[in-house]
Amino acid sequence: MAPRVLFCYIVFLLQCCQAMTSSSCDPISQYPKFGKCCDKCPPGTYMSSECAERNTSGCQPCGPDRYQSEWNMLEHCHLHKTCSNNGGFVVEKAGTSTSNTICQCQFGKHCVNKDCEICEENTVCIPGYGVVYKEEAENFIIPICEKCEAGYYSNVSSNLEACRKWSNCGLLKMIADGTTTKDVECGTPEPLSKVGLVVGIVFLSGVLLLILLTFFIHSGYNQENRTKVRNMFTRLMRCTGKIQMPIQELTENGRILATAGDEDKSPEVMTELMPV
Ligand SMILES: *[C@@H]1O[C@H](CO)[C@@H](O)[C@H](O)[C@H]1NC(C)=O
């Protein structure tokens with residue numbers, strides 16, 4: 001009696017196991033049949049023939065203008081949605097074998113309701129008002145006209161444009177204040193102030209002095225160079241016509257080296273004056 005009970009128990013266990021294996025098919029890509037796991041058809045295909053005891057499932061690719069986005073056991077693929085021109089739609093994203101077509105409203109139009117059954121023209125906002133997108137309900141946005149805030153203007157009638165920010169005149173002078181329908185008016189640049197001019201001249205003089213100093217240090221501070229530079233300086237002064245006085249320089253022993261009147265003599269001539 002005991003071995004028979006044991007046999008029954010083992011058979012029962014085996015049947016349990018089989019039932020468990022068949023019910024543990026992958027829930028996305030498989031389904032149980034004939035006590036085994038049969039394949040579903042992948043996205044982009046439909047099921048042309050079901051699995052049999054000895055055969056696997058047959059799958060065929062979706063035809064043109066059709067799609068199937070999920071693992072399936074369907075006998076055909078779905079037809080792509082068409083974006084009706086009369087309904088105010090335009091294709092946002094073309095459909096593929098695995099995805100449906102996505103439609104959107106034509107430029108300047110918006111959905112009438114959350115399901116977007118049809119698109120209607122945006123209202124035109126008059127000058128002083130701009131287009132603002134308002135969330136009517138979750139994921140349902142419609143354009144409305146709102147009066148331009150302070151600092152913003154709209155000078156056009158438009159069903160798309162928002163109010164624009166007034167211009168920033170920056171360094172330019174503001175000629176006229178802005179309004180809700182008109183931008184701020186900016187003028188031409190203000191003339192350079194006298195203080196600015198003086199600062200500029202002082203700065204340029206400093207740069208010039210620095211260049212001269214560099215020249216001195218670079219070429220060595222000797223008598224010959226001093227004379228050269230003085231001649232250059234004198235010519236500059238003559239040129240500007242500010243100074244007509246002769247400029248003299250004395251050597252250590254009191255002799256006059258050169259005067260402003262010497263500028264037409266060559267430096268070679270002047271070196272003859274120098275004490276040897
Ligand atoms: C509106 O303002 C802009 C920028 O100031 C200007 O270019 C445009 O001509 C204006 N349009 C009208 C219709 O006044």
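Residues are numbered from 1 along each chain as its sequence is written, and side-chain values use heavy atoms, with hydrogens and water left out. Because the model is predicted, local features need pLDDT of at least 70 and side-chain atom pairs count only at pLDDT 80 or more, whereas totals for chains, interfaces and linings use all residues.

**Exercise 1**

Task: State how many disulfides a search of the whole structure finds.

Solution: A disulfide is a covalent bond between the sulfur atoms of two cysteines. The criterion applied is a pair of cysteine sulfur atoms within 2.5 Å.

**Exercise 2**

Task: Describe the link between cysteine 25 and cysteine 37, and determine which parts of the chain the pair ties together.

Solution: 
1. The S to S distance of cysteine 25 and cysteine 37 is 1.9 Å, and the two are joined by a disulfide.
2. The angle about the S-S bond is -100 degrees, and the link is left-handed.
3. Cysteine 25 is in the loop between α1 (2-23) and β1 (30-33), while cysteine 37 belongs to strand β2 (residues 36-39), so the pair connects parts 12 residues apart in sequence. Helices (H or I, at least four residues) and strands (E, at least two) are DSSP runs, numbered from the N terminus.
4. Cysteine 25 has 10% relative accessibility and is buried; cysteine 37, at 31%, is partly exposed. Here buried means under 20% relative accessible area, exposed over 50%, and partly exposed in between (1.4 Å probe, protein chains only).

**Exercise 3**

Task: Locate cysteine 41 and cysteine 59, and decide whether each is buried or partly exposed.

Solution: 
1. A disulfide with an S to S distance of 2.0 Å joins cysteine 41 to cysteine 59.
2. This link is left-handed, with -90 degrees about the S-S bond.
3. Cysteine 41 sits in the loop between β2 and β3 (45-49) and cysteine 59 in strand β4 (residues 58-61); the pair links distant parts of the chain, 18 residues apart.
4. Cysteine 41 has a relative accessible area of 0% and is buried, whereas cysteine 59, at 30%, is partly exposed.

**Exercise 4**

Task: Characterise the disulfide of cysteine 169 and cysteine 186.

Solution: 
1. The sulfur atoms of cysteine 169 and cysteine 186 are 2.0 Å apart.
2. At -90 degrees about the S-S bond, their link is left-handed.
3. Cysteine 169 is placed in the loop between β14 (164-165) and β15 (174-176) and cysteine 186 in strand β16 (residues 185-186), so parts 17 residues apart in sequence are tied together.
4. Cysteine 169 is buried at 12% relative accessibility; cysteine 186 is partly exposed at 30%.
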